[in-house]
Amino acid sequence: MSNIEEKSWKTLNKDLDRISAMEQAVAYTSRPLVAPGLALAFMAITGLAVAAFIGFEPLGLVVIAAAIIGAYMAINIGANDVANNMGPAVGARALTIGTALIVAALCETAGALIAGGDVVGTVSRGIIAPESVAETQVFIWAMMAALLAGALWINLATWVGAPVSTTHSIVGGVMGAGIAAAGFAAVNWPMMGRIAASWVISPLLGGLFAAIFLAIIKSRIIYRPNMIEAARYWVPILIGIMGGCFATYLSLKGLDKIIKIPFSTAILIGLGVGLALTFAMRPVIRRQSEGMENRKKSLKILFNIPLIFSAALLSFAHGANDVANAIGPVAAIVHAVQNGGASDAVGIPLWVMLIGGIGLSIGLLLFGPKLINIVGSEITRLNAMRAYCVALAAAITVIFASWLGLPVSSTHIAIGAIFGVGFFREWYHERVLKEKRVDTTSPIEVRKRKKVVRRAHFVTILAAWVVTVPTAALLSAMLFYLMNLIAL
């Protein structure tokens with residue numbers, strides 16, 4: 001080969017290498033745009049489908065816009081809120097992230113479509129007086145502003161990595177739009193006071209119950225001479241408690257569309273299911289534990305399957321309840337367009353419910369892994385037993401709050417339970433050191449002291465919770481004024 005040919009080949013190879021490097025760089029930089037692109041495609045398809053169903057008349061355009069914003073809200077709820085249900089199971093390695101996404105997507109959609117509420121309060125649980133937004137156009141812009149403001153805030157919180165309450169986001173949006181439309185007198189301030197109180201009550205209750213159950217597991221199972229024998233007695237009881245709690249939880253919160261069940265009846269159903277499950281699981285746990293080594297790693301296996309079922313049931317119940325945050329205002333706008341003005345309660349058309357259910361799943365699949373990883377492994381380290389305590393605490397706290405009539409947040413409860421587990425472990429470690437008469441103030445022992453809860457996440461999440469309602473309210477008020485200016 002001549003020198004000229006050799007130089008030509010070298011030049012060609014260099015050019016090909018540059019082209020290959022450029023293609024890899026383009027693929028790398030474009031990868032983060034795939035998920036937002038698919039989300040935008042879903043929103044566009046939603047708009048086109050609603051347009052084909054309703055038409056492009058002036059009021060039809062309002063419904064199309066509301067449907068697109070509702071799809072956007074549903075995507076953000078799926079990205080942020082669903083992590084609370086699946087995060088502990090993933091963090092405990094009972095489920096892979098891929099399996100968790102599939103299970104959650106199926107259960108969320110099933111919960112939304114099967115047991116989602118068929119009637120939604122158009123003024124979001126009595127936050128503002130209906131007469132203050134009685135005029136059709138004012139009501140439509142108020143609901144539209146509230147929905148978009150809530151979605152924007154949840155989107156920002158997801159980007160920051162803070163699990164926030166979607167219920168509080170939409171409540172803040174409705175409050176802000178109501179103030180912008182009719183002044184501060186339009187807001188039901190006693191209700192807002194109860195919601196503000198739930199910011200403290202929800203995580204404290206969740207953390208307290210989670211810590212109590214972790215203490216029971218440590219004292220009655222882990223620190224027993226024969227852990228396997230202790231587990232054979234206590235694990236069926238814990239599974240029975242879990243089953244009874246979820247039976248009560250789903251009776252109260254997840255089956256409203258199918259049948260109305262009084263609180264006392266739901267408790268009796270839970271007790272029956274719990275006792276039956278306890279006795280049914282005793283031979284199962286005994287067979288599963290045969291041949292197991294007497295160590296903590298063996299115990300985790302006994303909690304894996306119950307943990308998976310609890311995560312799936314929480315997702316189903318979440319889909320049944322929180323889908324209203326995405327599609328409730330959309331249903332209210334549709335009702336206002338068709339019938340004029342606000343109403344205390346409206347029915348949800350099937351196509352609106354589909355937007356909410358599918359949007360939840362799409363948001364979870366596209367953007368859920370980030371929050372699932374934060375909830376499951378970055379706040380504190382979870383294993384199957386700790387994650388089980390979190391799920392059990394979440395179900396019990398919701399039931400307890402329902403009995404007291406407190407408007408608690410499922411997000412605050414679940415995250416509070418995770419912090420409760422982590423802080424209990426820190427306290428327990430300190431107690432062990434003191435019992436050993438170790439000087440915990442010495443520099444060496446200070447370094448040894450466990451800090452199993454990441455303080456940075458604690459501060460970020462707490463700050464996001466505190467500002468959720470006021471930030472969503474401010475965004476909503478600004479959007480309401482902007483929409484009115486455009487409409488003039």
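This is a predicted model: local features need pLDDT of at least 70, side-chain atom pairs count only at pLDDT 80 or more; totals for chains, interfaces and linings use all residues.
Trainee: What makes Arg93 count as exposed?

Mentor: Its relative accessibility is 76%. Exposed means over 50% relative accessible area, buried means under 20%, and partly exposed is in between (1.4 Å probe, protein chains only). With 76%, Arg93 therefore counts as exposed.

Trainee: And what is there to notice about the phi of Arg93?

Mentor: Phi of Arg93 is near 65°, which is positive although the residue is not glycine. Most residues other than glycine have a negative phi.

Trainee: Why is H4 called largely enclosed?

Mentor: Nine of the nine residues of H4 are buried, so the helix is largely enclosed by the rest of the structure. Among them are Asn85, Met86 and Pro88.

Trainee: How do you know that H6 is largely enclosed?

Mentor: In H6, 18 of the 25 residues are buried, so the rest of the structure largely encloses this helix. H6 covers residues 136–160 and reaches 36 Å from its first C-alpha to its last, close to the 36 Å expected. That expected span is 1.5 Å times one less than the number of residues. After H6 comes Gly161, whose phi is positive, near 95°.

Trainee: Why is Gly328 called buried?

Mentor: Gly328 has 4% relative accessibility, so it counts as buried. Gly328 lies in helix H11. Between Gly328 and Leu147 there are 181 residues of separation in sequence, yet their C-alpha atoms are 9.1 Å apart in space.

Trainee: Why is Ala280 called partly exposed?

Mentor: The relative accessible area of Ala280 is 43%, so it falls in the partly exposed class. Ala280 belongs to helix H10 (residues 263–289). Its C-alpha is 8.1 Å from that of Pro236, 44 residues away along the chain.

Trainee: What makes a space a cavity or a pocket?

Mentor: On a 1 Å grid over the protein atoms alone, a cavity is a set of points where a 1.4 Å probe fits but cannot get out, and a pocket is an open set with protein on both sides within 12 Å along at least five of seven lines; lining residues have an atom within 4 Å of a point. This structure holds two cavities of 30 Å³ or more.

Trainee: Which residues lie nearest the centre of the largest cavity?

Mentor: Of its 13 lining residues, Asn85, Pro88, Leu314, Ala387 and Ala391 lie nearest the centre. The largest cavity has a volume of about 70 Å³, and helix H4 (83–91), H11 and H13 each supply at least two residues of its lining. A volume here is the space filled by probe spheres set on the points, with grid points joined across faces, edges and corners.

Trainee: Which helix gives the most to the lining of the second largest cavity?

Mentor: That is H8, with three residues. The second largest cavity has a volume of about 50 Å³, and Lys218, Asn383 and Arg386 are among the residues that line it.

Trainee: How many charged residues does the lining of the second largest pocket have?

Mentor: Seven are charged, alongside five nonpolar and three polar. Ala, Val, Leu, Ile, Met, Phe, Trp, Tyr, Cys and Pro count as nonpolar, Asp, Glu, Lys and Arg as charged, and the others, Gly among them, as polar. By contrast, the lining of the largest cavity has ten nonpolar, three polar and no charged residues. About 410 Å³ of space lies in the second largest pocket, and H11 gives the most to its lining, with five residues.

Methods
Residues are numbered from 1 along each chain as its sequence is written. Side-chain values use heavy atoms; hydrogens and water are left out. Helices (H or I, at least four residues) and strands (E, at least two) are DSSP runs, numbered from the N terminus.
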